[in-house]
Amino acid sequence: MRHKALIIGGGISGLSAAYYLSKAGIRPTLLERKSHLGGVIQTSVLQGCLLEEGPDGFLGAKPWAMNLIRELGLADQVIGSNDQSRITYIVKNGQLVRMPEGLMMMVPTKVMPIIETPLLGWGTKIRMGLEVLRRPRGPQPDRSVYDFLLDHYGKEAIDYLAEPLLAGVYGGDPREMSVHSVLARFVGLEAKYGSLTRGALAERKPNASSASPFLQTLQGGLGQLIEALRPSADVRQADVETVENTGAGFRVRANGDWVEAEHVVVATPAGDAASMLRTLQPEASKLLSAIPYTTSITLALGYRKATFDHPLNGHGFLVPKKERKYVFGCTWVGNKFDFRVPDDMVVLRCFLGGDAMPLSDVALVAAARAELRSIMGVEAEPVFYNVARWPDSMAQYTVGHQARVARIEELVRMLPGLYLAGNAYHGIGIPDCVRMGQEAATNIIARNAVYKPTPQPA
């Protein structure tokens, strides 16, 4: 049997491609190695607490996830983050210090909070103030996020603002990250204004406080989205080994058998895609294998509120690399989103990196509790915990990423009917993954319309 469309990978990118294909009347077959769909999007419930084991929301400023949710009839389930209570702390010298107000990522837009913050010394504060005098130098070549921000604000601002913020999103090292790929907006501000601060102030939107919430999610968890997408494809659990060109399409070796398809969407991590395409397109395979990934762990700790011994004012804290042991950061779940934690419970959601991967679950909980005791003074005994391990799950956009991806896409275009989607290319968040899946589906639909075989006369 020859399939019209075959999707490899059942994460949000592959499922989005399946949905838009199915909507257009092309029923795809989806091959997923794991026993569950959704990739890192997994929602569970323990003792009445809704736990996101992967991402807990998506950026409301990017439209693709919300567009999909509306089409699925889930718009009435959308909730926003409680931005009115959004306070984030940074750990400095083992203590929680409130992050200054008015920061756009790490770019200051208010004077007094920077002057008053104990996070930074006076040398850094003066340097950040003088940054506003910089003049534009035009477009600059790609460089590391570290070098870019060091040039503007200095090392201490990176250590106690930029690094913990970026580690919380990407789980990577600013010395390796591509500024053109990770902070493209700020690269544009630098080219236009010279000063990031002056650029941020000049382009700050009026009435920003009335905008949609910073993060959005679904009341019943992001697992609702996966369940709504599940019927969009014929799903088979299969381990794909390779993709080959047949001249009239492709054939895919999965679980030792060959499956033929006119169109193939590879919606897997870059390393898996590299392995599948090694014979079909060796150069693209080599470039894909050069996209690194980092490992993350999400640990949820549930407490009875009556026993919890720390005030929770804000959404949580981040731990700079200079202060870090295992925990990168911690979200106070009930404060960040409603409909997550019963009134008599408290849930702390801790994020840890690959260094913690060798630890058993019990050792992991012990390590996290020791750090929470040191940072927050929490002595209470959790009544439950939930560990989610995500090996090699967070794509890293290292210096030269844009050029690397452009070449990969150029090579893949030489194989009509083959498409790539996922978090390895143009954005790691849910909206960007949805967009890439939708674009792959749109291309298949367009090709199917153009290349429909002409009926032969009887």
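Asn-93 is exposed, with a relative accessible area of 63%; in the classification used here, buried means under 20% relative accessible area, exposed over 50% and partly exposed in between, with a 1.4 Å probe and protein chains only. Asn-93 is placed in the loop between β7 and β8 (95-98), where helices (H or I, at least four residues) and strands (E, at least two) are DSSP runs numbered from the N terminus. Its phi is near 50°, a positive value in a residue other than glycine. A positive phi, near 45°, is also found at Asp-392, likewise a residue other than glycine. Asp-392 lies in strand β20 (residues 384-395) and is partly exposed, with a relative accessible area of 48%.

The model is predicted, so local features need pLDDT of at least 70 and side-chain atom pairs count only at pLDDT 80 or more, whereas totals for chains, interfaces and linings use all residues. Residues are numbered from 1 along each chain as its sequence is written, and side-chain values use heavy atoms, with hydrogens and water left out.

Helix α1 covers residues 12-23. The expected span of a helix is 1.5 Å times one less than its number of residues; for the 12 residues of α1 this gives 16 Å, and the end C-alpha atoms are 16 Å apart, in agreement. Of these 12 residues, 10 are buried, so α1 is largely enclosed by the rest of the structure. The buried residues include Ile-12, Leu-15, Tyr-19, Tyr-20 and Leu-21. Just after α1, Gly-25 takes a positive phi of about 90°. Leaving aside neighbours within four places in sequence, Gly-11 is in contact (heavy atoms within 4.5 Å) with Glu-32, Gly-38 and Gly-39. The C-alpha atoms of Gly-11 and Asp-338, 327 residues apart along the chain, are separated by 26 Å.

An open sheet of three strands has the order β5-β11-β6, with antiparallel pairing; two strands pair if DSSP finds at least two bridges between them. Its edge strands, β5 (58-59) and β6 (78-80), each pair on one side only. Strand β6 is joined by three bridges to β11 (residues 215-218), and the two run antiparallel. Within this pairing, Val-78 stands opposite Leu-218 in β11. Ser-81 is found in the loop between β6 and β7 and counts as buried at 8% relative accessibility. The C-alpha atoms of Ser-81 and Leu-215 are separated by 5.3 Å, although the residues are 134 apart along the chain. Apart from residues up to four places away in sequence, Ser-81 touches Pro-213, Phe-214, Leu-215, Lys-336 and Phe-337.

A search of the whole structure finds three aromatic pairs. Rings of Phe, Tyr and Trp (its six-membered ring) pair if their centres lie within 6.5 Å; planes under 30 degrees apart count as stacked, over 60 as edge-to-face and the rest as tilted. The rings of Tyr-89 and Trp-332 have centres 5.8 Å apart and planes at 40°, so this pair is tilted. Because Tyr-89 lies in strand β7 (residues 88-92) and Trp-332 in strand β18 (residues 327-332), the pair ties together parts that are 243 residues apart in sequence. Both Tyr-89 and Trp-332 are buried. Tyr-303 and Phe-308 form an edge-to-face pair, at 5.1 Å centre to centre and 65° between the planes. Tyr-303 is buried, with a relative accessible area of 1%, and Phe-308 is buried at 12%.

Charges over rings were also examined, the criterion being NZ of Lys or CZ of Arg within 6 Å of the ring centre and within 35 degrees of the ring normal. The charged end of Arg-251 sits over the ring of Trp-258, 3.7 Å from its centre. Arg-435 lies over the face of Trp-64, at 5.1 Å from the ring centre.

A nonpolar core is a set of buried Ala, Val, Leu, Ile, Met, Phe, Trp, Tyr and Cys residues joined through side-chain atoms within 4.5 Å. The largest such core has 104 residues, of which Ile-12, Leu-149, Leu-183, Val-264, Leu-288 and Leu-418 touch the most other members. Helix α6 (residues 155-170) contributes the largest share of this core, eight residues. Leu-418 touches Phe-250, Val-264, Val-266, Leu-277, Leu-280 and Val-412, residues up to four places away in sequence not being counted. A second, separate core of 27 residues includes Ile-87, Tyr-89, Val-91 and Ala-356.
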